[in-house]
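This report covers charged and aromatic side-chain contacts in one protein model. Please examine the sequence and the structure before reading on.

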Amino acid sequence: MTRKAAVKGLRSLSEPQLLRIEKGELNFRRNVGDLRSLLKRYGVTDESLIESLVDLNRDAPSEDWLTGYRSVMPTGMPHFVGLEAEAVGLLVYHPIIVAGLLQTHRYAKSLFEVQRPIEDTTSEFVQTNVELRMERKRRVLERADPPKARFILGEAALLTPYGGAAVMNELYQEIIKLAQQDHISVQVLPTSKPGYRASHDFTVMDLGPGLPPRVQTDNAWGAVSTSDKPREVNRFTRRFETMVGVALGFEETIEYLEKLVQR
């Protein structure tokens, strides 16, 4: 059945909306009647199953908070951010820039300001993106049931001075604070230590029982892509676990960061 056929006669549901629903970017929160109509059209007649799906939709988290940020987000980013906020486990690797979930407000702003002359962006664009990054951090790491988040940072990410010494010291102290929490672990991958290292950043998301894990990567054009293909997820998971053995241990990483603060 095509999407055009699926939504035919449904006044409040369009083909683009159905596509977003299928990609997990939208739910039926505003019109449960459309959910019931679609289930009927798809041949679902079991009332207990229908009610269970209606209940799932009712309990699904709202992504309304993303609405104000969609205009500044690259292709695929809204979908990734929605998944990230619901993950029960994260494996995050960043070789040259500190991962967004670990950033401070001033560090994030410095990153976007450096890019402004190249990307021809406005101060409003910078402000909105920094707000989004801080909101992501709050919704993922500071929620009531935070995910088990494991980060590996390339040493270059910590030594490239965005915003100056004061901004970087604040960043180091924030990472130390986060790394001391039970659900967060951070490791630094030294440039001088031989061993495997991936050339670009990625995130592997464990979405909980019954849902396939997904891997997220960026491309050279700034778009964000995710995949739940087992082969791809396993490949990136192996990359992460291999780098765990090369990186500094948890306590060594904190000691390393403390030395950076004291420089």
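With which residue does Glu241 form a salt bridge? The partner is Arg150, and the closest N and O atoms are 3.2 Å apart. The model is a predicted one, in which local features need pLDDT of at least 70 and side-chain atom pairs count only at pLDDT 80 or more, while totals for chains, interfaces and linings use all residues. Residues are numbered from 1 along each chain as its sequence is written, and side-chain values use heavy atoms, leaving out hydrogens and water.

**Salt bridges**

A salt bridge is defined as a side-chain nitrogen of Lys or Arg within 4 Å of a carboxyl oxygen of Asp or Glu. By this rule the count comes to 13 salt bridges. Three of them are listed here.

| Pair | Closest N to O distance |
|---|---|
| Arg36 and Glu51 | 2.9 Å |
| Glu241 and Arg150 | 3.2 Å |

Arg36 belongs to helix H3 (residues 32-41) and Glu51 to helix H4 (residues 47-59), 15 residues apart. Helices (H or I, at least four residues) and strands (E, at least two) are DSSP runs, numbered from the N terminus. Glu241 lies in helix H10 (residues 230-246) and Arg150 in strand E2 (residues 148-154), so this pair ties together parts that are 91 residues apart in sequence. Arg214, in strand E5, and Asp228, in the loop between E6 and H10, are 14 residues apart.

Burial is classed by relative accessible area: buried means under 20%, exposed over 50%, and partly exposed in between (1.4 Å probe, protein chains only). Arg214 is buried because its relative accessible area is 16%, whereas Asp228 counts as partly exposed at 33%. Glu241 is partly exposed at 37%, and Arg150 is partly exposed at 23%. A network of salt bridges links Glu135, Arg138 and Arg139.

**Aromatic pairs**

Rings of Phe, Tyr and Trp (its six-membered ring) pair if their centres lie within 6.5 Å; planes under 30 degrees apart count as stacked, over 60 as edge-to-face and the rest as tilted. Three aromatic pairs are counted by this rule. Tyr107 and Tyr162 form an edge-to-face pair, with 6.0 Å centre to centre and 90 degrees between the planes. Tyr107 lies in helix H6 (residues 105-119) and Tyr162 in the loop between helix H8 (155-159) and helix H9 (165-179), so the pair ties together parts that are 55 residues apart in sequence. Both Tyr107 and Tyr162 are buried. Ring pairs also join Tyr93, Phe202 and Phe236 into a cluster.
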